[in-house]
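Hi,

Here is the structure we talked about. Have a look at it first, then read on.

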Amino acid sequence: MSLSSQASTRQGWDRILDFAGVATGILLVALSCWFVLRGAERFNRLLGATGMVALTRLMGFLMICIGVQFIINGLATLVQDPRAWSGLAEALRQGGR
C-alpha cells in the first residue's frame, strides 16, 4: 500500500515500474495465501490447540503493530503538511465568531 501511494506521485517509467512492482507483490501474496490455506489443515494438526492459540496471539500482536505504524505515518504526514496547519488555524478563527 505504501509503494502504491508513492508510485502515484511519480512520472514516466518510474511510475510504471512502481505499479508493476505493486502488481507483482499482490500476485506473490495471493500465491502465498493459497499455499498457506492449502496446507492449513496439516499445519493445524502439527501445532495442536496450544500452538494455534500462541500463533493467533502472535498474529494479533503483528496486526496491532501494523495499525499503530499506519497511525504514526498518517500523523507524521499531517504534522509536516502546512496546508493542514493553515486549515486548522482558519477553522479555529471561524469557530470563534
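Below is what turned up in it, starting with the charged pairs.

A quick word on the ground rules: this is a predicted model, where local features need pLDDT of at least 70, side-chain atom pairs count only at pLDDT 80 or more, and totals for chains, interfaces and linings use all residues. Residues are numbered from 1 along each chain as its sequence is written, and side-chain values use heavy atoms, with hydrogens and water left out.

Side chains of opposite charge can pair when their charged atoms come close. The structure holds 3 salt bridges (a side-chain nitrogen of Lys or Arg within 4 Å of a carboxyl oxygen of Asp or Glu):

- Glu41 pairs with Arg45, with 3.8 Å between the closest N and O atoms. Both sit in helix α3 (residues 40-80), 4 residues apart, or about one turn. Helices are DSSP runs (H or I, at least four residues), numbered from the N terminus.
- Arg83 pairs with Asp81 at 3.4 Å. Arg83 counts as exposed because its relative accessibility is 64%, while Asp81, at 22%, is partly exposed. The cut-offs: buried is under 20% relative accessible area, exposed is over 50%, and partly exposed is in between (1.4 Å probe, protein chains only).
- Arg93 meets Glu90 at 2.8 Å, N to O. They are 3 residues apart in helix α4 (residues 82-95), so about one helical turn separates them.

Now for the surface: Leu27, Leu28, Leu31, Trp34 and Phe35 make a nonpolar patch with about 570 Å² of accessible area together (Shrake-Rupley method, 1.4 Å probe, only the protein chains shown counting as cover). Patch residues have over 30% relative accessible area and no salt bridge, with nonpolar side chains (Val, Leu, Ile, Met, Phe, Trp, Tyr) joined within 5 Å and like charges within 9 Å. Trp34 belongs to helix α2 (residues 12-38).

Cheers

Conventions
Helix = DSSP H or I, 4+ residues; strand = E, 2+ residues; numbered from the N terminus.
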